[in-house]
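Student: Please pick one part of this model and go through it closely. I would like the charged side chains and their setting.

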Amino acid sequence: MRKVEPEWQIYRTRFLIRAKQLTEPLVFIDALGREHRGQTGDYLVESSDGTRRVAPREIFEDVYVAMGPAGENWCSPGRREIPEPTLKRRFSSRAAALA
């Protein structure tokens, strides 16, 4: 019997994040009571739901690719809905594909 090796797969990260590189050490406790520690050069990462964590520089720079500054379009905890024109466009494209 011949050993079959698995094929390579392509992956991508699922979520957009907002991040900034730390210029000094940082320690904080999140809403769940977990302590986060970061050193100069690490990244403070904020998810679209508002949760924050620290990512070590080596891991962050290996995983994430910069897409530009986070401006007004960044999702914040107070703005989780999809704008109506986007929702309609997505729905109509999907409906057309199913028809």
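Tutor: Start at R37, which is exposed at 56% relative accessibility (exposed means over 50% relative accessible area, buried under 20%, partly exposed in between; 1.4 Å probe, protein chains only). This is a predicted model, so local features need pLDDT of at least 70 and side-chain atom pairs pLDDT 80 or more, while totals for chains, interfaces and linings use all residues. Residues are numbered from 1 along each chain as its sequence is written, and side-chain values use heavy atoms, without hydrogens and water.

R37 forms a salt bridge with E35, at 2.8 Å from N to O (a side-chain nitrogen of Lys or Arg within 4 Å of a carboxyl oxygen of Asp or Glu). E35 is partly exposed, at 46%. Strand β3 spans residues 35-38 (strands are DSSP E runs of at least two residues, numbered from the N terminus). In a regular strand, side chains alternate between the two faces of the sheet.

Now the partner strand. β3 pairs antiparallel with β2, residues 26-29, over 4 bridges (pairing needs at least two DSSP bridges). L26 faces G38 across the pair. Between the strands lie 5 residues, and G33 has a positive phi near 85° in this hairpin.

Further salt bridges lie elsewhere, for a count of 6. E46 meets R52 at 3.0 Å. E46 is buried at 11%, whereas R52 is partly exposed at 41%. E58 pairs with R57 at 3.8 Å. Shared partners link R18, E46 and R52 into one network.
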